[in-house]
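Student: I would like to go through this structure step by step. Can we start with how its helices pack?

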Amino acid sequence: MAQPKNVVVIGGGIGGLAAAAALRLSGHRVTVLERARSLEPVGAAISLAPNALRALDVLGIGDEIRDLAAWQGDGGLRTPRGRWLSRTSAAAAAERFGGPLVLLHRATLVAGLAALLPPDAVRTGAASTLLDPGDAHRPARVRTPDGELEADLVVAADGVRSAVRHALFPDHPGAVYSGFTTWRVVIPVPGVEFASHETWGRGRIWGTHPLKDGRVYAYAAAMTPAGQHAPDDERAELLRRYGDWHDPIPAVLAAARPEDVLRHDVHHLADPLPAFHRGRVALLGDAAHAMPPTLGQGGNQALEDAVVLAHHCDDLPAYTAARLPRTTSIARQAVRISRLNMTGNRALMAVRDTAIAALSQVGPALLLRGFDGIADWRPPRSPYAAVVSGTGER
């Protein structure tokens, strides 16, 4: 085991809590600083692919999260009128990548990660500032409302607008608007049965998926200028944009209240960082590689970051070497997919839909190839070993 370190984690979201749990599992002393008054996350649901579940195996809660899997059957991709462009097979995906895709509320995952830490390890209402990244000869320093902290390692998990990232790399342009905004809702929709689906329209998408607890997770995205909001309320905006789309979309909108709907513009790092570390500070999650949600990999990559950082906490250049090329490739793929599924060009839409339908006829394996090299990721073998129950993997 490495010499125990004093670790300060800035940010108590999914990536920060996972990093804290992984580092504590390695024997280090960890303090998490979260500026919000509670750990209640902003957001709705999150999808965890097999790569993220293997990261959670490292933390000891992989099977607990797998038990929340709600997608037992098939789903697919549809047009706004309801025609199926492709069908996806949960069984085929699990066989190809060694595990299921799990959809759960972010609050459930945050609670599971927080439970891995002693209560006194997490300080809420603790806005913090990096004063000094440190180096081989001096510790890093962080200012908190209760005074300064010195750390052998600072983990910056402070999100897409990361102040720590700007302090480390002031010449980096930072996050840019991805060109679209998103809406999300998690609500009960009694009496409605449906297959999980994502629907691609002209410059707009919609997704509807069941959760294990009986609620429905729905999301939408549309190309629109940044900073806009509905003149009345966001539920009304969704009705204008999606109210005439296929079932069960009208039923979901009928069941939603204006206060149920979250709206956020999407930003990503178009230019990769030169490194994910400087001095004694390591960047993680959206602070390091914010990406559009079109591959569903943002939180998944943060979980990967967490266990890889714990593995390389004595060698931050090795952490950068392990994570920067992979996340850069995935982020670029997410940008490409967003341009494809959010296009407003009718000719391109026709070509896209025809190609997807043709690939679907060949079989689900061709459509799943896009996740090769992503969902089949494995954590570092030593000192960890991920165990995936029911698959025979070690």
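Student: Which residues in H10 do the residues in H2 meet?

Tutor: This is a predicted model, where local features need pLDDT of at least 70 and side-chain atom pairs count only at pLDDT 80 or more, while totals for chains, interfaces and linings use all residues. Residues are numbered from 1 along each chain as its sequence is written, and side-chain values use heavy atoms, leaving out hydrogens and water. Helices (H or I, at least four residues) and strands (E, at least two) are DSSP runs, numbered from the N terminus, and contact means heavy atoms within 4.5 Å. From H2, Asn-51, Ala-52, Ala-55, Leu-56, Val-58 and Leu-59 meet these residues in H10: Asn-300, Gln-301, Leu-303, Glu-304 and Val-307.

Student: How do the residues of that contact of H2 with H10 divide by class?

Tutor: Ala, Val, Leu, Ile, Met, Phe, Trp, Tyr, Cys and Pro count as nonpolar, Asp, Glu, Lys and Arg as charged, and the others, Gly among them, as polar. The contact of H2 with H10 divides into seven nonpolar, three polar and one charged.

Student: At what angle do the axes of H2 and H10 cross?

Tutor: Axes are lines fitted to C-alpha atoms, for helices over the stretch in contact, and angles run from 0 to 180 degrees between N-to-C directions. The axes of H2 and H10 come within 8 Å. They cross at roughly 35 degrees.

Student: Is the crossing of H2 and H10 left-handed or right-handed?

Tutor: A crossing is left-handed if the near helix is turned anticlockwise from the far one by less than a right angle, and right-handed if clockwise. For H2 passing H10, the crossing is left-handed.

Student: Are the residues of H2 buried or exposed?

Tutor: Buried means under 20% relative accessible area, exposed over 50%, partly exposed in between (1.4 Å probe, protein chains only). H2 spans residues 50-59, and the rest of the structure largely encloses H2, because ten of its ten residues are buried.

Student: Which residue follows H2, and what is its phi?

Tutor: Most residues other than glycine have a negative phi. The residue after H2 is Gly-60. Its phi is positive, near 90 degrees.

Student: Are H1 and H10 roughly parallel or roughly antiparallel?

Tutor: The axes of H1 (residues 14-25) and H10 (residues 298-311) cross at roughly 25 degrees. Angles under 35 degrees count as roughly parallel, over 145 as roughly antiparallel, 65 to 115 as roughly perpendicular and the rest as oblique. H1 and H10 are therefore roughly parallel.

Student: Which residues of H10 make the contact with H1?

Tutor: The crossing of H1 and H10 is right-handed. On the H1 side, the contact is made by Ile-14, Gly-15, Ala-18, Ala-19, Ala-22 and Leu-23. By class, it has ten nonpolar, one polar and no charged residues. On the H10 side are Ala-302, Leu-303, Ala-306, Val-307 and Ala-310.

Student: How many charged residues are in the contact of H10 with H11?

Tutor: The axes of H10 and H11 (residues 316-341) come within 10 Å and cross at roughly 165 degrees. H10 and H11 are therefore roughly antiparallel. The contact includes Glu-304 and Asp-305 of H10, and Arg-323 and Arg-326 of H11. Besides six nonpolar and two polar residues, the number of charged ones is four.

Student: Which residues have the most contacts inside the largest nonpolar core?

Tutor: A nonpolar core is a set of buried Ala, Val, Leu, Ile, Met, Phe, Trp, Tyr and Cys residues joined through side-chain atoms within 4.5 Å. The largest one has 71 residues, and its largest share, eight residues, comes from H1. Most contacts inside it belong to Leu-48 and Leu-56.

Student: Which elements do the buried residues of H5 pack against?

Tutor: H5 covers residues 106-114, and its buried residues are Leu-109, Val-110, Gly-112, Leu-113 and Ala-114. They pack against H1, E3, H2, H3 and E6.

Student: Which two residues does a cis peptide bond join?

Tutor: Most peptide bonds are trans. Here is a cis one, with omega about 10 degrees. Its proline sits in the loop between H7 (234-242) and H8 (249-255). The bond joins Asp-247 and Pro-248.

Student: Is Phe-371 exposed or partly exposed?

Tutor: Phe-371 lies in the segment after H13 (364-368). It touches Phe-97, Leu-295 and Asp-376, not counting residues up to four places away in sequence. With a relative accessible area of 28%, Phe-371 is partly exposed.
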